[in-house]
Amino acid sequence: MADSIIIETLYPEFANLFGDLMNTGYLKKCIPDGTFIDTNLFDEPAFVSQDVSMVFMGAMSEKQQELVVHALTPYRERITELIDKGCIFLMTGNAMEIFGNYIENEDESRIDCLGLFDTYARRFMFKRHNSYILGEFQDMKLLGFKSQFSHSYGDNSDCYFYKVTTGCGINPDSDLEGLRKNNFYGTYTIGPFLISNPLFVKYLMTLMGIENPELAFEDTITNAYNSRVRQFETFKSH
Amino acid sequence: MKKTLRFRFALFIGKAAYRTGKLLKMNASHFPGRLAINLCPDFLGRIDKPEKIVCVTGTNGKTTACNMILDVLSDCGYDVLNNRAGSNLNAGIATALLSHSTLGGKVKHKLALFEVDERSSKLIYPFIHPDFAVCTNLFRDSLQRNAHTEYIFNLISDHIPKDTHMILNADDAISSGLAPDNKRTYYSIAHMETDHDEDINIINDARICPKCYHLLKYNYLKYHHIGNAYCPNCGFTSPESDYAALPDFDAGTITVKHGDADETYPLITDSIFNTYNQVTAIAVLRELGLSPEEISSSFAKVKVLETRYSSKEANGVEVITHLSKGFNPIACSCVFEFVSRQPGEKEVILMLGDIYGHSHSPEIVTWMYDADFEYLNQPDINHLIICGERCEDYKLRLLLAGVSEDKITCVPDEAKAHEYLRLDKTEKVFILHQVYATTAAAVAQNKIIDRLISK
């Protein structure tokens, strides 16, 4: 089964600001027989011509967001089709914003985005937001760090990724983190989201059709996760 | 700018705060300036400045480069107003200026050299209007403060005055593009045998062309994105260098090609990172009008301060503490690479946890996936001890770097880390520590020495 799994990373040459590429790096360790494809900015994504199991994209600079919007806009319909078919998308950091309606600058100028979710992002370039979040997705606790200039707005109550119990959701007034539709998961959480959330890795591996998935370095990653959950819950109680 | 009553009041209060701080034997390198700026927000613009101002900024190396420039200038008899004693924020520069000015706001110095925090650019450059602005390099740094290089680039570039002369590192495809319309001088280090022709580090902050965004290629790379870049798509290249250096580590010299002349200077470091800092200093000093002979003579007396490194020995085992700035993946990667190059059988203690920041919020661990822990996966690194509450995260990172699990020991209490050293075939022990763990590292070093002596 694993040898038919194809995982595509979009624009790894820049969409990797905070250790994001270790998400697919860790999946390579967990799914050694999988096929991993890196797609650069001026290349046609693999998902255009074939069904892939998962598409990953990490955090990037504001200018690079605009480049990515430009690059992905021609494939909007195909992305919609893949989401409807249940293809996994994992978008970390501000990569998620590209799938909303638009991104608004401080001067109120707008960058039109893919419009797959009825949300929009606003940039606050002199107000960096740093926080940590803990929340619940199905029967697991998800956690992570945020470090960003922008927040998303709009109603994501029917398309959020997970409900936050500590920290904030897509904006400081929200407790609904990220965006979700079928197996599209977008989160402002930065960096190695999967390494921070091994239970979610297992969940994704199950979605990819792997029965009884085993994690690489399972004991260590589980100990680290349990320790972090305890720590996040401790800070929550402060 | 006019010296208003408000400015004069702020200057008076700032000077009084400075004097009081000194009487109380406090460092007083930040607070007096902070006070003056709070009282008069454009204080830096109104106070008299020396005739010539040089500012040095950049992610890595700005302190070392500044120290080198200042040491040479001082040795050559220049009286240089500077902020070496303290803060590199606007308040630190205000303190340096007010502490050396008269109550009327006049300053006696003819030359100033300021280290400038990149993020403070907009609060400093428009007010002090430097004659020369130097940038050593731009890398990703603390993500919480510095976000990414594009953000820092724009902060600097947008606030440098149009007539400031830029002195830039031609081997940095990012910072070499700062203030593109300004007069500029470039320095670089020429191709060396030890260079690489492709990425050897996890991160390269300049993988795409700054002009057309296609993938960059490199004629050679020194480390991370520092090297000679070109774009096969649009023809972008690293700029031609006005000061092209070539170090000879064996001979202890560095030859700098400037115009038609080859200038030779004593090399005062054995690392490529500090060689860049020395070339930065040479370019600045030459542009200030010093002769190669003056600079060379002074460099012979200059020593790179190694406050970040301390070595002790007992029973044939060297115990080394080395600062490894956590949350700065470039700095950590450089230290790991340094350790990997040291000969002998080694054990390494990692004290990289953020004990201080940790008391306020959970420790952010994303940076460790940008840092090249892979350098610690070496046959002659026999044992790695990881300290701190997040030791399982570090263990996972080391496992992902290919380190064998039997080489890793987790010790949450860093005060006990030294007890777990094996010290069987060990020739060197490295204690790599965060800024906050400097004391803990020194204590551990002494305890290991005691253990070796009593062995």
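Student: How is chain B divided into domains?
Tutor: Chain B has domain 1 (5-299) and domain 2 (309-453). The bounds come from an automatic or database domain assignment. This is a predicted model: local features need pLDDT of at least 70, side-chain atom pairs count only at pLDDT 80 or more, and totals for chains, interfaces and linings use all residues. Residues are numbered from 1 along each chain as its sequence is written, while chains are lettered from A and ligands numbered from 1 in the order in which they are written.

Student: How far apart do the C-alpha centres of the two domains lie?
Tutor: The C-alpha centres of domain 1 and domain 2 of chain B lie 31 Å apart.

Student: And how many residues does the contact take from each?
Tutor: Twelve from domain 1 of chain B and twelve from domain 2 of chain B. Contact means that the C-beta atoms, placed from the backbone, lie within 7 Å. The domain 1 side has five nonpolar, five polar and two charged residues. Here Ala, Val, Leu, Ile, Met, Phe, Trp, Tyr, Cys and Pro count as nonpolar, Asp, Glu, Lys and Arg as charged, and the others, Gly among them, as polar.

Student: What about chain B as a whole, how many helices and strands?
Tutor: Chain B has 14 helices and 17 strands. These are DSSP runs numbered from the N terminus: helices are H or I with at least four residues, strands are E with at least two. The radius of gyration of chain B is 23 Å, close to the 23 Å from the globule rule for 455 residues, so chain B is as compact as a globular protein of that length. The radius is taken over C-alpha atoms, and the rule is 2.2 Å times the number of residues to the power 0.38.

Student: What share of chain B counts as buried?
Tutor: Of its 455 residues, 52%. Buried means 20 or more other C-beta atoms within 10 Å of the residue's own; 12 or fewer is exposed, in between is partly exposed, with C-beta atoms placed from the backbone.

Student: Switching to helices. At what angle do α1 and α5 of chain B cross?
Tutor: The axes of α1(B) (residues 5-23) and α5(B) (residues 90-99) cross at roughly 90° and come within 10 Å. Axes are lines fitted to C-alpha atoms, for helices over the stretch in contact, and angles run from 0 to 180 degrees between N-to-C directions. From α1(B), the contact uses Leu11(B), Gly14(B), Lys15(B) and Tyr18(B); from α5(B), Thr95(B), Leu98(B) and Ser99(B).

Student: Where do they sit, and are they buried or exposed?
Tutor: Ala179(B) is in the loop between β5 (165-169) and β6 (184-189) of chain B. With 21 C-beta neighbours inside 10 Å, Ala179(B) is buried. Tyr213(B) lies in the loop between β6 and β7 (217-223) of chain B. Tyr213(B) is buried, with 21 other C-beta atoms within 10 Å.

Student: Now chain A. How many of its residues are in contact with chain B?
Tutor: 34 residues of chain A, against 24 residues of chain B.

Student: Which element gives the most on the chain A side?
Tutor: α7(A), with nine residues. The chain A side divides into 18 nonpolar, ten polar and six charged.

Terms used
Two residues are in contact if their C-beta atoms, placed from the backbone, lie within 7 Å.
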